[in-house]
Amino acid sequence: MLMRTDPFRDLDRLTQQVFGTAARPAVMPMDAWREGEKFVVEFDLPGIDPDSLDLDIERNVVTVRASRPELDTGREMIAAERSRGVFSRQLFLGENLDTDHITADYTDGVLRLTIPVAEKAKPRKIAVARGNGHKAIDA
């Protein structure tokens, strides 16, 4: 089988893997799921200094910023595939989440956000009153 190589295509593919695309960011992959009455979001951030993590929330948008230090120029690198510098990611949250009570934890290179469901969005029962009958309205 003959394979054709295109150096520009290979460069484009490498650039997408390292820097990502708008549809698929490479620097901060995440998983998100619901656990009962809370949502959990985890970001893979290996090698990040916890002091460089910055979380902001404005209205229903959570912005996560982190930085990985630049490489030591004195090193003779054989491979350098991990993204360096400052990068960020935004999450657009629905109105049914309680953004005032978000908690964050960074352990073993994973940033975990826990976002509770707002009280107004939780399912609830409505009591049905029973009457003894209908009263006629006199005109």
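Predicted model: local features only at pLDDT ≥ 70, side-chain atom pairs only at ≥ 80, totals over all residues.

1. Residues are numbered from 1 along each chain as its sequence is written, and side-chain values use heavy atoms, with hydrogens and water left out.

2. Four strands form an open sheet in the order S1-S2-S7-S6, with antiparallel pairing; strands (E, at least two residues) are DSSP runs numbered from the N terminus, and two of them pair if DSSP finds at least two bridges between them. Strand S1 (30-35) and strand S6 (103-107) each have a single partner strand and stand at the edges, so one side of each is left without a neighbour in the sheet. On average, and with direction ignored, neighbouring strands of this sheet are turned by 15° against each other, the axes being lines fitted to C-alpha atoms.

3. The antiparallel pairing of S1 with S2 runs over six bridges. In the hairpin that these strands form, two residues lie between the strands, and Gly-36 takes a positive phi near 60°.

4. Strand S2 (residues 38-44) is also paired in the antiparallel sense with strand S7 (residues 110-116), over seven bridges. Here Glu-42 stands opposite Arg-112 in S7, while Asp-44 stands opposite Val-110 in S7.

Technical notes: Axes fitted to C-alpha atoms, helices over the stretch in contact; angles between N-to-C directions.
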